[in-house]
Amino acid sequence: MAPVIEVINAVKEFNGVRALDGLSLTVNSGQVVAILGPNGAGKTTLLEILEGLQRLNRGEARVLGYDVGRESREVKERIGISLQSTAFFDRLSVEETAELFGSFFSHPQDRRALLRNTGLWELRGRRVSRLSGGQKQRVALALALINDPRLIFLDEPTTGLDPAARREIWSLVERIQQEGRTVILTTHYMEEAAYLADNVVIMDQGKILAEGTVAQLLRDYADQQTVILDGEGLDYLTEPPWNFVEDNGQLFWHVPNLSDQLDSLLSSIRSRGGKIHHLVVQEATLEDVFLRLTGRRLVS
Amino acid sequence: MRAYLTLVRMNLKMLFRARDVLFWNFAFPVLFMVLIGTAFGTTPGFSAHVGVEGSGAFVSGLVQALHHIKGMKVSVLASGGIEALKAGHIDVLVHSANHHIDLYRTNASTSQSVSSIVLGTVMSMNLQVLHQPLLFHPIVHQISMQGTSYIDFLAPGILGMTLMNTGLFSGTMLITHRSQGILRRIRGTPLSTGIFIGARITTQMLIALVQAALILMLAREVYHFTPVGNLWSLIPLLIIGELAFMTIGFFIAGVANTMEVAAALTNIVSLPMMFLAGVFYPISQLPRFIKPLAQILPLRYLTSGLRAIVVHGTSLAHLGNDFMALAMVTVVCGFLAIKFFRWEMPHV
Ligand SMILES: Nc1ncnc2c1ncn2[C@@H]1O[C@H](COP(=O)(O)OP(=O)(O)OP(=O)(O)O)[C@@H](O)[C@H]1O
Ligand SMILES: [Mg+2]
């Protein structure tokens with residue numbers, strides 16, 4: 001089966017700023033792909049190129065087999081989108097908004113079924129201006145489904161939402177995937193990428209630094225665990241050979257194969273008369289992958 | 001087609017849910033018309049006050065004769081007539097004693113006219129006493145005429161001004177939708193820009209028709225204004241006029257980044273037109289040096305066209321100039337609007 005998205009050497013510049021810097025990406029049908037990256041990484045730019053809202057300076061982008069630059073109408077008819085900051089007409093109700101957007105497509109899906117499936121049935125008569133952030137985001141998601149698209153772009157669908165509202169969006173996205181649709185979403189949240197995505201794409205400064213399943217990424221870029229210690233008489237651990245890092249009174253130790261070294265660590269502490277109050281062992285996360293790839297943290 | 005109709009329907013729904021927009025579109029022109037119409041619109045009828053001093057057959061005959069004149073008030077005074085005249089309480093004083101009659105008038109123009117009426121009345125009283133047949137006897141005919149009262153002038157002017165203001169506003173509304181990101185979201189669908197804008201224009205045309213009906217009905221019911229022309233022929237003029245002002249509004253929306261800037265630009269466009277384009281008084285009354293400026297104001301062509309139809313019953317075929325002028329504005333500003341159209345705010 002042909003890939004639903006194919007980007008080759010995409011370059012997009014805004015007055016000298018390279019938002020996309022020779023980026024290539026392939027996405028296969030039925031996947032949920034999470035694009036993870038800090039502010040200004042180029043996530044929105046990439047999505048908007050694929051949505052036909054912006055044009056590449058160089059390179060190629062094909063969506064569902066169409067060249068987005070030249071056949072953007074065909075693409076728009078077949079994809080669903082939810083923009084990073086989106087607003088709808090304040091004075092229309094949820095159902096009227098769905099009716100209006102449905103009328104823009106040649107084959108809209110049944111509005112009522114859609115509202116039921118996205119948990120908006122009870123809210124259908126409410127004005128858009130009176131919705132909460134989470135409810136608005138659900139409307140945005142419903143509108144992304146109005147033309148029954150095979151491919152959906154969600155730009156930061158959960159940013160700014162509380163954990164409960166975020167969970168609701170997550171279960172909607174899972175459901176969308178179960179219906180066989182491909183979902184491309186961007187996020188700042190590692191746990192969101194880890195929870196939802198089959199494939200994670202890590203982006204920074206207009207480039208893709210790594211991509212793969214969460215397990216692959218952890219194995220390739222963060223094959224280590226972190227020991228966090230606090231106690232008394234442990235300061236010597238910041239010296240070689242241990243090289244712990246001190247932060248806020250706690251000691252951090254990143255080790256690739258902890259099980260081999262835990263014994264010698266503990267016996268060293270014992271022989272030096274040190275005392276451990278807390279010992280935590282943390283598995284690596286996408287945050288560590290990001291740190292390894294960029295030397296920076298994802299969320300500052 | 002479905003998108004177009006749905007958009008128009010939703011636009012109307014949004015309009016009826018927006019109190020401020022409703023106010024500016026419908027209530028404001030009506031209030032404005034009532035205000036100006038009541039202050040200046042109706043020509044005051046004739047009214048005068050004659051004081052009479054004295055008694056006897058002449059005095060009672062004069063009082064009776066003057067009573068029949070509409071708007072004339074007659075008071076019989078015991079004394080103090082001259083003072084009342086000087087103070088302006090009466091316009092003319094007639095003093096009668098022993099067949100000697102004095103008539104006092106002032107240099108006020110009403111006083112002059114009233115004294116002629118009183119003299120005429122006295123003259124016909126003389127003729128009646130002498131039983132002389134009348135040699136010259138004019139028969140009076142009354143012909144009613146349009147365009148004499150101010151309201152005839154004002155009603156089409158206010159209609160033109162209303163179309164201008166709401167047309168400009170509806171064009172610049174695009175800025176709100178753009179800054180909220182609604183335009184961008186719509187651009188992510190297959191909907192064509194033409195249909196989106198076309199639906200906005202259609203909505204505004206429907207509003208313009210209601211505005212015209214409202215203003216003309218008010219003028220007729222309250223101020224006895226009777227439109228004479230074929231009112232259906234107003235429709236093409238309303239459409240081209242509204243188009244002209246909407247395209248100016250769209251152009252402003254393309255140039256301005258915020259609604260505040262757009263409001264300032266709109267004022268720059270609309271204020272001179274309100275006062276120089278024949279809304280409240282004819283262009284012919286403008287100072288000579290300003291007249292050439294008035295000739296290039298689009299509203300001038302709309303008010304003169306509207307006025308020609310409803311006041312003088314001119315047929316559309318004779319309004320070619322007005323149409324051409326408004327069509328030219330539409331084409332030029334439409335071109336500029338397309339050239340400057342932006343889907344989104346520039347990135348900051
Ligand atoms: N329309 C534009 N004009 C100028 N510069 C732009 C424009 N859009 C994006 N940029 C710049 O391109 C770079 C990438 O922006 P983009 O919005 O794609 O980042 P992002 O990864 O979506 O960030 P965020 O997480 O904050 O949404 C940034 O440096 C941004 O300032
Ligand atoms: Mg973004």
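This is a short tour of a predicted model, stop by stop.

Some ground rules come first. Local features need pLDDT of at least 70 and side-chain atom pairs count only at pLDDT 80 or more, while totals for chains, interfaces and linings use all residues; side-chain values use heavy atoms, with hydrogens and water left out. Residues are numbered from 1 along each chain as its sequence is written, and chains are lettered from A and ligands numbered from 1 in the order in which they are written.

**Stop 1: where chain B meets chain A**

Select both chains. Here 25 residues of chain B are in contact with 29 residues of chain A (contact means heavy atoms within 4.5 Å). The area buried between the two chains is about 2,600 Å². Buried area is the accessible area (1.4 Å probe) that two parts lose on being put together, summed over both. Carbon and sulfur atoms give 60% of that buried area. Now pick Arg17(B), Arg185(B) and Pro190(B). In chain B, these lose the most area to chain A, together 29% of what that side buries.

Stay at the interface and look for charged pairs. Four salt bridges cross between chain B and chain A. A salt bridge is a side-chain nitrogen of Lys or Arg within 4 Å of a carboxyl oxygen of Asp or Glu. Select Arg17(B) and Glu96(A): their side chains meet in a salt bridge, 2.8 Å from N to O.

Which helix of chain B gives the most to the side that touches chain A? Color α1(B): this helix supplies nine residues. Helices (H or I, at least four residues) and strands (E, at least two) are DSSP runs, numbered from the N terminus.

**Stop 2: the magnesium ion**

Select ligand 2, the magnesium ion. Its protein donors are Thr44(A), through OG1, and Gln84(A), through OE1, at 1.8 to 2.1 Å. Donors are N, O and S atoms within 2.8 Å of the metal (3.2 Å for Na, K and Ca); water is not among the atoms, so sites may look incomplete. Thr44(A) lies in helix α1 (residues 43–50) of chain A and Gln84(A) in the loop between β6 (79–82) and α3 (94–103) of chain A, so the pair ties together parts that are 40 residues apart in sequence.

Go to Glu168(A) and Arg138(A). They form a salt bridge, with the closest N and O atoms 3.1 Å apart. Glu168(A) lies in helix α6 of chain A and Arg138(A) in helix α5 of chain A, so the pair ties together parts that are 30 residues apart in sequence. Glu168(A) is partly exposed at 38%, whereas Arg138(A) is buried at 13%.

Next, select Ile176(A), in helix α6 (residues 163–178) of chain A. Ile176(A) is buried, at 3% relative accessibility. Leaving aside neighbours within four places in sequence, its contacts include Leu141(A), Leu145(A) and Ile152(A).

**Stop 3: a bridge within chain B**

Jump to Arg184(B) and Glu344(B). Their side chains meet in a salt bridge, 2.6 Å from N to O. Arg184(B) lies in helix α8 of chain B and Glu344(B) in the segment after α14 (320–340) of chain B, so the pair ties together parts that are 160 residues apart in sequence. Arg184(B) is buried at 11%; Glu344(B) is partly exposed at 30%.

**Last stop: a network**

Finish with Glu13(A), Arg18(A), Asp21(A) and Lys207(A), which are linked in a network of salt bridges.

Note on methods: Buried < 20%, exposed > 50% of the residue type's maximum accessible area, 1.4 Å probe, protein only.
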